[in-house]
Amino acid sequence: MGERIQLEAGRAAPARRYKICLVSDFFFPGFGGVETHIFCLAWCLKRAGHRVVIVTRAYNNDRQGIRCITGGVKVYYLPLYSASFPHGVSTLPTTLDLLPWLRHVFIRESVDIVHGHQTTSNMCQEAMFHATTMGIPTVFTDHSLFGFADASSIHINKVLEWSLQAVQHVICVSHTARENTVLRAKKRPSDVSVIPNAVDPAKFQPEVSIAESETWRDIFERQRRSLEKVTVVVITRLVYRKGADLLVDVIPSVCAKHPNVDWIVGGDGPRLLQIEQMIEMHNLHDKVELLGAVKHDDVPGVLRRGQIFLNASLTESFCIAILEAAASGRVVVATEVGGVPEVLPSDLLILAPPDPKALADGVTAALGRFPSVSPWAQHRRVAAMYNWEDITARTMTVYAKVADTPPPPLHERICHNLALGLVYGCLCAGITALHHFVWLLLKFVSPADGIQKAPELPAFDDLDGTAPGEYGKVRNDGEQ
């Protein structure tokens with residue numbers, strides 16, 4: 001296999017070929033926008049001719065060791081201790097424990113660029129820190145918004161400010177997120193770019209039985225259904241931040257006003273019990289269907305069961321679920337928070353304040369709008385706005401910018417650390433110096449020449465036509 005890579009007929013090799021390592025605690029089999037973003041970006045980078053590996057945490061007994069997923073992308077599931085936090089499951093801070101693991105992976109895969117994802121991923125922060133020590137350029141993508149006043153946000157912002165001091169470039173998924181990150185991390189605006197999420201139009205599309213020119217009114221008339229018999233779909237993590245508490249009030253309100261509206265709620269989380277209690281209290285067993293956790297491969301099928309999609313998040317920097325629903329030809333109702341208003345034009349998105357009454361009114365407005373919507377016409381508009389090939393090309397522009405920019409030397413990093421404050425700055429500078437010493441010790445104990453280089457896997461879609469939509473499907477249990 002070696003350095004050979006298969007390219008489709010007519011697909012040119014990239015002008016410069018990078019060896020990229022994407023790092024985050026959040027990846028498949030986990031479910032969410034970050035996981036989807038990392039996979040799609042890795043898959044498209046691989047198709048573009050780059051060498052891509054992903055490093056994440058082990059998922060109990062489900063995923064451990066080295067795996068190869070769809071497209072020939074290699075994934076390292078490291079066996080690290082993790083814990084459940086409000087933002088999700090993440091590895092615990094180690095400072096030095098990850099250094100031997102990641103150094104071995106970076107050398108083994110001849111990594112040129114380390115690209116970390118998500119502020120709340122400890123593995124991401126440590127990987128960028130270690131890569132900087134090793135002289136490897138780094139890029140960071142921030143997928144979330146954080147405040148400035150509560151204790152947890154203050155702590156995260158201080159860590160992020162330290163972590164991003166040596167990162168060459170930062171990517172945010174919306175302009176709102178960019179402003180948020182620049183203020184939180186005190187990063188120069190010129191070093192922060194906006195590259196949004198995207199959607200796979202081949203996976204998220206209306207039913208093939210719907211004609212190109214048909215509207216929902218035509219579809220219902222052909223099926224001899226009443227326009228009042230509509231289904232609203234909700235797919236989200238049932239946690240406070242995703243607006244699960246709002247759903248407890250919105251669903252009964254809509255059902256009381258529109259008795260023929262049914263609901264499908266997909267997702268799992270600590271607020272599931274409240275949803276179940278709401279169903280019991282209002283006797284909505286025949287109106288609300290709870291699906292539990294939904295695999296990403298099953299999301300398109302769930303979306304096609306309804307005509308309206310509701311997102312009730314209290315904070316979102318982008319919300320890829322809105323794109324997926326809109327690309328499937330569904331009318332979207334969402335809370336007017338964070339970067340959500342930037343995602344779609346007003347004729348494709350009904351916005352409402354994060355309030356139960358306002359969201360119920362938004363669903364009512366969607367009931368009046370959906371009959372005139374053409375699913376396939378909407379799908380084509382969304383597919384033209386967002387596609388992963390464009391996102392990948394813009395990301396590669398960032399890679400080209402940082403590839404020839406070496407990370408700052410040790411003395412410069414320590415000076416930057418000391419500027420963080422008398423106590424915190426000295427602590428950060430001490431950790432940076434200790435870390436550099438341990439790295440020098442590892443170079444002596446385990447020289448890079450003694451670490452065997454890993455062979456590259458070909459892009460599977462070039463060999464057997466595997467579709468990009470088969471997210472996170474494991475093709476083998478290790479390297480062959």
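**Salt bridges and other local features**

A: Glu 109 is a reasonable place to begin: its relative accessibility is 1%, so it counts as buried. Bear in mind that this is a predicted model.

Q: Which side chains does Lys 74 meet in a salt bridge?
A: Lys 74 pairs with Glu 109, at 3.0 Å from N to O. Lys 74 sits in strand β4 (residues 73-78) and Glu 109 in the loop between α2 and β7, so this pair links distant parts of the chain, 35 residues apart. Both Lys 74 and Glu 109 are buried.

Q: And what distance separates N and O in the salt bridge of Glu 109 with Arg 51?
A: That one is 2.9 Å. Arg 51 is in strand β2 (residues 51-57) and Glu 109 is in the loop between α2 (98-108) and β7 (113-117), so the contact ties together parts 58 residues apart in sequence.

Q: Arg 51 itself, buried or exposed?
A: Buried, because its relative accessible area is 4%, and the cut-off for buried is under 20%.

Q: How many salt bridges does the count come to?
A: The count is 21 salt bridges. One of the others joins the side chains of Asp 245 and Arg 271, at 2.6 Å from N to O. Asp 245 belongs to helix α7 (residues 244-257), while Arg 271 is in the loop between β12 (262-266) and α8 (272-282), so the pair ties together parts that are 26 residues apart in sequence.

Q: Why does Arg 271 count as partly exposed?
A: Its relative accessibility is 22%, so it gets that label; partly exposed runs between the buried limit of 20% and the exposed limit of 50%. Asp 245 is also partly exposed, with a relative accessible area of 26%.

Q: Which residues are linked in a network of salt bridges?
A: Arg 17, Lys 46 and Glu 456.

Q: Switching to the surface. Which residues form a nonpolar patch?
A: Leu 434, Phe 437, Leu 441, Phe 444 and Val 445, with about 570 Å² of accessible area together. Phe 444 is in helix α16, which covers residues 422-445. At 69% relative accessibility, Phe 444 counts as exposed.

Q: Okay, pockets. How much space lies in the second largest pocket?
A: About 410 Å³. Its lining has 18 residues, and those nearest the centre are Leu 164, Gln 165, Val 167, Lys 187 and Asp 191.

Q: What does that lining have by class?
A: Seven nonpolar, four polar and seven charged residues.

Q: Now the backbone. Where is there a cis peptide bond?
A: Between Phe 28 and Pro 29, with omega at about 15°. Pro 29 is in the loop between β1 (19-23) and α1 (33-47).

Q: What is phi for Arg 224?
A: About 55°, which is positive although Arg 224 is not a glycine. Arg 224 is in the loop between α6 (216-222) and β11 (231-235). With 80% relative accessibility, Arg 224 counts as exposed.

Q: And what is phi of Cys 319 near?
A: Near 80°, again a positive value in a residue other than glycine. Cys 319 lies in the loop between β14 (308-311) and α10 (320-327).

Q: Is Cys 319 buried or exposed?
A: Buried, at a relative accessible area of 7%. Arg 224, by contrast, counts as exposed.

Conventions. Residues are numbered from 1 along each chain as its sequence is written. This is a predicted model: local features need pLDDT of at least 70, side-chain atom pairs count only at pLDDT 80 or more; totals for chains, interfaces and linings use all residues. Side-chain values use heavy atoms; hydrogens and water are left out. Patches are made of residues with over 30% relative accessible area and no salt bridge: like charges are joined within 9 Å, nonpolar side chains (Val, Leu, Ile, Met, Phe, Trp, Tyr) within 5 Å. Accessible areas come from the Shrake-Rupley method with a 1.4 Å probe; for residues, only the protein chains shown count as cover. A salt bridge is a side-chain nitrogen of Lys or Arg within 4 Å of a carboxyl oxygen of Asp or Glu. Helices (H or I, at least four residues) and strands (E, at least two) are DSSP runs, numbered from the N terminus. Buried means under 20% relative accessible area, exposed over 50%, partly exposed in between (1.4 Å probe, protein chains only). On a 1 Å grid over the protein atoms alone, a cavity is a set of points where a 1.4 Å probe fits but cannot get out, and a pocket is an open set with protein on both sides within 12 Å along at least five of seven lines; lining residues have an atom within 4 Å of a point. Grid points are joined across faces, edges and corners, and a volume is the space filled by probe spheres set on the points. Ala, Val, Leu, Ile, Met, Phe, Trp, Tyr, Cys and Pro count as nonpolar, Asp, Glu, Lys and Arg as charged, and the others, Gly among them, as polar.
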